[in-house]
Amino acid sequence: MEFVELSLRYLHLLGFAAVFGGWLTALLSRRFNINLAMLYGIATQLATGIVLYGLAGGDANHAKLGTKFLLALLLAVMIVIPWWKKRRTVAAGHFWAIGGMVLVTAGVAVFW
């Protein structure tokens, strides 16, 4: 069971890397767009995060995990809706908010 939990945690971190890496790639190319790495990364993070929360049971810090879930859900909305509407680019504030929320979510995970 420990191997399953560690594998899910690893996939969760890969999801973070995909979202942040996709955002950084778009930033460095100076195109404020939503790419597949961001889309698949946030889907991976949400899916693995929910399963990891279920595996934590009674030992979970519910306030921390609720905050992380809310931030991840907001990120998913900010990433998925422009993708569904097939927008080539998003507003600069929207794009920077995605990057900031990714970093805040990682900060909550590490420092809380």
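The buried residues of helix H4 are covered by elements that include H1, H2 and H3, in a predicted model whose mean pLDDT is 94, with 100% of the residues at 70 or more. The residues of H4 that are buried are Phe95, Ile98, Gly99, Met101, Val102, Thr105 and Val108. The end C-alpha atoms of H4 lie 28 Å apart, which agrees with the 28 Å that its 20 residues should span at 1.5 Å a residue. Thr105, which is placed in helix H4, has a relative accessible area of 8% and is therefore buried, the cut-off being under 20%. When residues up to four places away in sequence are not counted, Thr105 touches Lys68, Leu71 and Leu75.

Helix H2, formed by residues 36–56, has 21 residues and reaches 30 Å from its first C-alpha to its last, close to the 30 Å expected at 1.5 Å a residue. Its buried residues are Met38, Leu39, Gly41, Ile42, Gln45, Leu46, Thr48 and Leu52, and these pack against helix H1 (2–28), helix H3 (62–84) and helix H4 (92–111). For Met38, again not counting residues up to four places away in sequence, the residues touched are Ala18, Val19, Gly22, Trp23, Asn33, Ile79 and Ile98. After H2 comes Gly57, which has a positive phi, near 65°.

The nonpolar interior was examined next. In soluble globular proteins, nonpolar side chains tend to be buried together. The largest nonpolar core in the model has 21 residues, and those with the most contacts inside it are Ile34, Met38, Ile42, Leu75, Ile79 and Ile98. Two or more residues are given to this core by each of H1, H2, H3 and H4, and the largest share, seven residues, comes from H3. Over the protein as a whole, 33% of the 112 residues count as buried.

An α-helix has 3.6 residues a turn, so residues three or four places apart point the same way. Phe16 counts as partly exposed, at 24% relative accessibility, and Phe20 is likewise partly exposed, with a relative accessible area of 25%. Phe95 and Trp96, by contrast, form an edge-to-face pair, with 6.4 Å from centre to centre and 80° between the planes. Within this pair, Phe95 is buried, with a relative accessible area of 0%, whereas Trp96 counts as partly exposed at 46% relative accessibility. Ring pairs link Phe16, Phe20, Trp23, Phe32, Phe95 and Trp96 into a cluster.

Along its principal axes, the C-alpha trace spans about 45 × 25 × 25 Å. Among contacts with a separation of 6 or more, 75% are accounted for by residues 24 or more positions apart. Confidence in the protein is lowest in H3, at a mean of 94, and highest in H1, at 96.

Two residues in the loops deserve mention for their backbone angles. Arg30, which is placed in the loop between H1 and H2, has a positive phi of about 60° although it is not a glycine, and at 76% relative accessibility Arg30 counts as exposed. Lys86, which lies in the loop between H3 and H4, has a positive phi of about 55° although it, too, is not a glycine, and at 72% relative accessibility Lys86 counts as exposed.

Definitions and conventions
Residues numbered from 1 in each chain as written. Heavy atoms only, no water. Helix = DSSP H or I, 4+ residues; strand = E, 2+ residues; numbered from the N terminus. Expected span 1.5 Å × (residues − 1). Buried < 20%, exposed > 50% of the residue type's maximum accessible area, 1.4 Å probe, protein only. Contact = heavy atoms within 4.5 Å. pLDDT = per-residue confidence, 0-100. Phe/Tyr/Trp six-rings, centres within 6.5 Å; stacked < 30°, edge-to-face > 60°. Core = buried A, V, L, I, M, F, W, Y, C linked by side-chain atoms within 4.5 Å.
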